[in-house]
Amino acid sequence: MKIRGHVLIYIALVFSLLPLQTVFGLKERSPRSSSMASTLLPGQAASYTILLDAGHGGRDRGARAHRPFCEEKRLCLETAKLTKRYLEQLGYRVVMSRTTDTFVPLSKRVELATQAHSDLFVSIHFNASQNTAASGVEVFYHGAPAARVKMKASLALANLVLQGVIRRTQAISRGVKKNNFYVIRESAMPSILIEGGFVTHPGERRNLKEKLYLEKLARGIADGIDTYLKKKKPRRAL
Ligand SMILES: [Zn+2]
């Protein structure tokens, strides 16, 4: 019909003049939620915040080894930055305890996690030993009977992150262990500390100096965190 045809043309014209965002009501959403991958389910990745703690920094250089030179604080920061990238790709919110080569006191790192309402605290470190044959990855959690819920969650997270890292890097697993490290003890949320390899082991040091290897390590950490959080029930809607 002629009139109907006119109406359709008019509607088509109006829609073509409006920005797409207005037509589909996307303008009301925040840029963050509209840029989320469409594969995310409501209440999943986007509602979680992860504090990534790159160990050491500034005057606190951490472990060091020579020929070739390798410094822990640098490895921690590079791995944390790569992990951040992977977690963000998965839709998580990530807060870093440091993004440059600066000294950050341990208490400040814990404080940052609290301020950011972080759901997880993940500290990244690298190992050293007088025994240059020692190698592999280990993940620590803090086990206090008084904080049973946190302990159980931290242990589950530690296991999944270790599995993720070993799967990606093929490194030796030294297992999940209890420890009393300040940052994992004092933070209120599930917390782990990863020792991503030995700078004192010649073969492992060669790997750690390769960006491709650190990418595998970071991807493994992100895999473990993602698996852990996906097993949890959605906490709140987007
Ligand atoms: Zn360290």
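Among the contacts in this chain between residues at least 6 apart in sequence, 78% join residues that are at least 24 apart, where two residues count as being in contact if their C-beta atoms, placed from the backbone, lie within 7 Å. Please keep in mind that this is a predicted model, in which local features need a pLDDT of at least 70 and side-chain atom pairs count only at pLDDT 80 or more, while totals for chains, interfaces and linings use all residues. Residues are numbered from 1 along each chain as its sequence is written.

The chain has 9 helices and 8 strands; these are DSSP runs numbered from the N terminus, with helices being H or I over at least four residues and strands being E over at least two. Of the 238 residues in the chain, 40% are buried, and by buried I mean that 20 or more other C-beta atoms lie within 10 Å of a residue's own, with exposed meaning 12 or fewer, partly exposed meaning in between, and the C-beta atoms placed from the backbone.

Let me turn to the sheet. It is an open sheet of 6 strands, in the order β4-β1-β5-β8-β6-β7 and with mixed pairing, and two strands are said to pair if DSSP finds at least two bridges between them. The edge strands, each pairing on one side only, are β4, residues 93-96, and β7, residues 173-178. On average, neighbouring strands of this sheet are turned by 20 degrees against each other, direction ignored; the axes behind such angles are lines fitted to C-alpha atoms, for helices over the stretch in contact, and the angles run from 0 to 180 degrees between N-to-C directions. Between β1 and β4 the pairing is parallel, over 4 bridges, and there Leu52 stands opposite Met96 in β4.

Which helices lie across β5? One is α4, residues 72-89, which lies across β1, β4, β5 and β8 and runs at about 140 degrees to β5; another is α9, which lies across β1, β5 and β8 and runs at about 150 degrees to β5. Helix α4 has 18 residues and reaches 26 Å from its first C-alpha to its last, close to the 26 Å expected at 1.5 Å a residue, the expected span being 1.5 Å times one less than the number of residues. Among the buried residues of α4 are Leu75, Leu77, Leu82 and Leu87, and α4 is followed by Gly91, whose phi is positive, near 100 degrees.

If we leave aside its neighbours within four places in sequence, Ile50 is in contact with several residues, including Leu87, Val94, Val122 and Ile225.

Next comes helix α5, residues 106-115, where Arg109, Val110 and Ala113 are buried. Why are they on the same side of α5? They cover an arc of only 95 degrees around the axis, which puts them on that same side, the arc being that of the directions from the helix axis to the C-beta atoms. What covers them includes β1, β5 and α7, whereas Ser107, Lys108 and Gln115, on the other side of α5, are exposed.

I will finish with some backbone details. Most residues other than glycine have a negative phi, and most peptide bonds are trans. His117, in the loop between α5 and β5, has a positive phi near 50 degrees and is exposed, with 11 other C-beta atoms within 10 Å. Its C-alpha atom is separated by 9.1 Å from that of Tyr48, 69 residues apart along the chain. His56, in the loop between β1 and β2, also has a positive phi, near 60 degrees, but His56 is buried, with 23 other C-beta atoms within 10 Å. Finally, a cis peptide bond with an omega of about -5 degrees joins Arg67 and Pro68, and Pro68 is found in the loop between β2 and β3.
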